Amino acid sequence: MDFREVQQVGTLVASLTQAQSTQLDPELLSKLKGLLRCSDELVEYTQARLMDRLAANNAQARKLSVELCDVLFSRSKCFRRALAGQFSQFVELSVGHKPDKPLPPPAAAAVALRERALEAVEKWHEAWGLHYPQVTAAYKYLKKQYKFPEISSRAAAAAAAEAERQRRHQQLLLNRYEQLSRAWPQQQTRLAGLLHQMRECFELLQQPVPQQLLQEQDAAEGAAGDVQEQQPEHHAVDSKPESPATSAEQQAAAAAAVASGVAGQDTANQEQEWEDVAPGQHQQPLQAA
């Protein structure tokens with residue numbers, strides 16, 4: 001093993017399982033996988049370092065160590081063989097089934113650690129239990145004390161529910177198809193009638209218009225245009241306002257007529273007065289004589 005690679009692996013394992021983290025860092029995990037592809041010795045060294053991290057006095061650090069073990073257990077036969085050789089220690093540090101060796105704080109992280117460890121043991125037992133009897137023995141022992149998450153049962157239930165959903169969906173589609181099939185003949189007849197009407201309309205539109213009809217239409221439009229042009233002219237003549245000069249002449253004529261009437265009345269009054277005075281004046285000298 002290259003000493004620098006060993007250091008890199010140790011640093012990556014410590015960084016991935018530090019207590020301050022909530023999940024495995026994808027970038028660091030990718031780097032670790034790349035290094036472990038090079039050598040089985042690095043894989044065995046990684047398993048030993050993870051056992052050290054599982055002994056940490058922090059439940060969150062142990063939980064992340066279990067998750068990293070799960071990732072590597074599923075990918076590497078070398079890692080499975082190495083971890084199976086220390087499986088009882090793995091169960092003791094991750095499940096805490098011994099009263100004298102409880103899980104470290106915090107309490108919430110300890111509960112999550114146990115659940116995650118039981119889930120991993122159950123999954124490993126179902127997938128590789130036949131090849132690693134240590135895993136099967138631990139599973140049977142823990143099943144007497146703890147309730148496993150029953151991943152396979154839940155997966156089967158989920159698969160059954162999905163199958164039932166698909167069956168109902170297919171049944172709905174089939175019912176809809178049968179409904180449309182029954183209604184199609186009537187709809188087909190209706191659509192055929194509509195297509196026939198449309199075809200007749202298009203045929204009428206394609207026929208040429210008679211020339212006489214066009215001429216009559218043009219003549220009618222021309223006559224209507226002449227009438228519309230004449231109507232505004234008559235309206236303009238009838239409603240034309242009087243010019244200021246004409247209005248002034250009419251006012252002057254009215255004033256002259258009034259003045260003439262007043263003058264004639266004065267002349268008539270004077271003549272009447274003269275007639276009343278004249279006879280007396282002529283008769284008075286005669287009486288004196």
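1. Reading from the N terminus, the elements of the protein chain go α-α-α-α-α-α-α-α-α-α-α. That makes 11 helices and zero strands. Keep in mind as you look around that this is a predicted model.

2. Of the 289 residues in the protein chain, 26% are buried. Take the contacts between residues at least 6 apart in sequence: 66% of them join residues at least 24 apart.

3. I'd start with helix α7, residues 107-128. It has 22 residues and spans 31 Å from first C-alpha to last, close to the 32 Å expected at 1.5 Å a residue. Its buried residues are Ala109, Ala110, Leu113, Arg116, Ala117, Leu118, Ala120, Val121, Glu122, Trp124 and Trp128.

4. Next, see how α7 sits against helix α6, which covers residues 87-95. Two packed helices are described by the angle between their axes and the distance between the axes. Here the axes come within 8 Å and cross at roughly 150°. On the α6 side the contact uses Phe87, Phe90, Leu93, Ser94 and Val95, and on the α7 side Leu113, Arg114, Ala117, Leu118, Val121 and Trp124. Sorted by kind, the residues of this contact are nine nonpolar, one polar and one charged.

5. What joins Pro105 and Pro106? A cis peptide bond does, with omega about 0°. In general, most peptide bonds are trans, so this spot is worth a look. Pro106 belongs to the loop between α6 and α7.

6. Back in α7, compare two residues. Ala108 lies in this helix and counts as exposed because its relative accessibility is 62%, over the 50% cut-off.

7. Which residues does Arg116 touch, leaving aside its neighbours within four places in sequence? They are Val66, Glu67 and Asp70. With Asp70 there is a polar contact, side chain to side chain, at 2.8 Å.

8. The aromatic residues deserve a point of their own. The count comes to six aromatic pairs. In one of them, the rings of Phe73 and Trp124 have centres 4.1 Å apart and planes at 15°, so the pair is stacked. Phe73 lies in helix α4 (residues 59-75) and Trp124 in α7, so this pair ties together parts that are 51 residues apart in sequence. Both Phe73 and Trp124 are buried.

9. One last stop is Ser76, in the loop between α4 and α5 (77-84). Is Ser76 buried or exposed? At 17% relative accessibility, it counts as buried. Its side chain reaches the backbone nitrogen of Phe79 at 3.1 Å.

Notes:
Residues are numbered from 1 along each chain as its sequence is written. This is a predicted model: local features need pLDDT of at least 70, side-chain atom pairs count only at pLDDT 80 or more; totals for chains, interfaces and linings use all residues. Side-chain values use heavy atoms; hydrogens and water are left out. Axes are lines fitted to C-alpha atoms, for helices over the stretch in contact, and angles run from 0 to 180 degrees between N-to-C directions. Helices (H or I, at least four residues) and strands (E, at least two) are DSSP runs, numbered from the N terminus. Contact means heavy atoms within 4.5 Å. Ala, Val, Leu, Ile, Met, Phe, Trp, Tyr, Cys and Pro count as nonpolar, Asp, Glu, Lys and Arg as charged, and the others, Gly among them, as polar. A polar contact is a pair of N or O atoms within 3.5 Å; within protein, one must be able to donate a hydrogen and the other to accept it, and residues adjacent in sequence count only if both atoms are side-chain atoms. Buried means under 20% relative accessible area, exposed over 50%, partly exposed in between (1.4 Å probe, protein chains only). The expected span of a helix is 1.5 Å times one less than its number of residues. Rings of Phe, Tyr and Trp (its six-membered ring) pair if their centres lie within 6.5 Å; planes under 30 degrees apart count as stacked, over 60 as edge-to-face and the rest as tilted.
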